[in-house]
Amino acid sequence: KNDLSEVFWNLFYFQAISSLIMIVLYLIFLGFYGIGNYGIVALCQLPYVISAFFELSWFFYGTEQFKFMVLRNAIIKILTMSAIFIFVKTPNDVWIYALINSLSLLLGQMCLWPFLLKYVLWVKPNWKIVRGHIKPNLILFVSVVAVSIYTLLDKVMIEIFSTRTEVGYYENTEKILNMANGIVGAIGSVMLPRISYLMGKNDSVSVKNYMSKSMRYIMIFSIAISFGVAGISKEFSLIFFGNDFEACGNMVLIMSLAVLFYSWENILRT
């Protein structure tokens, strides 16, 4: 428990410093660009940025407490969905929708802290150890940036070259695919700490065995989901989003193939 506590607080101290830097940068962004171009919606995203400071899911995933995290995520999602149905009534309530989503993430992170205190003791962070986390985190950050290029930059490019309406079509198409990706993505979340543990023990045989089985099962799911989503894309878009989002149907049909590539990435990159 003492060793776990020491590792946790040194990692969290690094997280806290980097999160505070990002919060300050976002506040600067709001002042010079965000509120002027996106109004109150940009301000409503502030809790989303702050939630990174309190992020603890990595601790529970790292200690392989998946049942607890699944239960917590399910409760947060249900409460969020209920709040959206209760408070979002018209297109003018976009800021309420944004605020509900960002607050749910912040509250979801903060509610983990009472459970954390059962597993760790307070240990004063050691700056030398914290400093040692900078290089490996920057290496991992390269992967995050690479993913962000095609998960975030695409929307920025669409708004530059087209209109914000087209961004809306694209964003909602992604939401449908992300629901599908959530099923195949669960395998990567579960396997990450297990593979890390086996790599630490230099058990390459077990690593290859787990990788092979994971890839086999994830391909079964992803192929079925990809074709399933493509098959109902046009009808589902009309039912789920309404006639104003009819354009999403063809986009879902084309982008359903991305589920396959996401499944491969989920195993190989994660």
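Glutamate 174 is buried, with a relative accessible area of 15%; buried means under 20% relative accessible area, exposed over 50% and partly exposed in between, using a 1.4 Å probe and protein chains only. This is a predicted model, in which local features need pLDDT of at least 70, side-chain atom pairs count only at pLDDT 80 or more, and totals for chains, interfaces and linings use all residues. Residues are numbered from 1 along each chain as its sequence is written, and side-chain values use heavy atoms, with hydrogens and water left out.

**Salt bridges around lysine 155**

- Glutamate 174 forms a salt bridge with lysine 155, and their closest N and O atoms are 2.6 Å apart; a salt bridge is a side-chain nitrogen of Lys or Arg within 4 Å of a carboxyl oxygen of Asp or Glu.
- Glutamate 174 lies in helix α11 (residues 164-200) and lysine 155 in helix α10 (residues 153-161), so this pair ties together parts that are 19 residues apart in sequence. Helices (H or I, at least four residues) are DSSP runs, numbered from the N terminus.
- Lysine 155 is buried too, with a relative accessible area of 15%.
- Lysine 155 also forms a salt bridge with aspartate 154, where the closest N and O atoms are 3.9 Å apart. Aspartate 154 is buried, as is lysine 155.
- A network of salt bridges links Asp154, Lys155, Glu171 and Glu174.
- Glutamate 171 is found in helix α11 and is partly exposed, with a relative accessible area of 29%.
- Glutamate 171 and lysine 155 are 16 residues apart along the chain, and their C-alpha atoms are separated by 7.6 Å.

**Another salt bridge, and the total**

- Glutamate 159 forms a salt bridge with arginine 164, the closest N and O atoms being 3.0 Å apart.
- Glutamate 159 counts as partly exposed at 26% relative accessibility, and arginine 164 is partly exposed with a relative accessible area of 48%.
- The structure holds five salt bridges.

**Packing of α11 and α12**

- Helix α11 packs with helix α12 (residues 204-241) at an angle of about 170°, and their axes are 7 Å apart. Axes are lines fitted to C-alpha atoms, for helices over the stretch in contact, and angles run from 0 to 180 degrees between N-to-C directions.
- That angle makes α11 roughly antiparallel to α12, a term used for angles over 145 degrees.
- By class, the contact of α11 with α12 has 21 nonpolar, five polar and one charged residues. Ala, Val, Leu, Ile, Met, Phe, Trp, Tyr, Cys and Pro count as nonpolar, Asp, Glu, Lys and Arg as charged, and the others, Gly among them, as polar.

**Aromatic pairs**

- The structure holds 25 aromatic pairs. Rings of Phe, Tyr and Trp (its six-membered ring) pair if their centres lie within 6.5 Å; planes under 30 degrees apart count as stacked, over 60 as edge-to-face and the rest as tilted.
- The rings of phenylalanine 8 and phenylalanine 59 have centres 5.5 Å apart and planes at 80°, so this pair is edge-to-face.
- Phenylalanine 8 lies in helix α1 (residues 2-38) and phenylalanine 59 in helix α4 (residues 57-62), so the pair ties together parts that are 51 residues apart in sequence. Phenylalanine 8 and phenylalanine 59 are buried.
- The rings of tryptophan 9 and tryptophan 113 have centres 6.3 Å apart and planes at 40°, so this pair is tilted.
- The tryptophan pair links distant parts of the chain, with tryptophan 9 in helix α1 and tryptophan 113 in helix α7 (residues 113-116), 104 residues apart. Tryptophan 9 and tryptophan 113 are both buried.

Note on methods. Helices (H or I, at least four residues) and strands (E, at least two) are DSSP runs, numbered from the N terminus. Angles under 35 degrees count as roughly parallel, over 145 as roughly antiparallel, 65 to 115 as roughly perpendicular and the rest as oblique.
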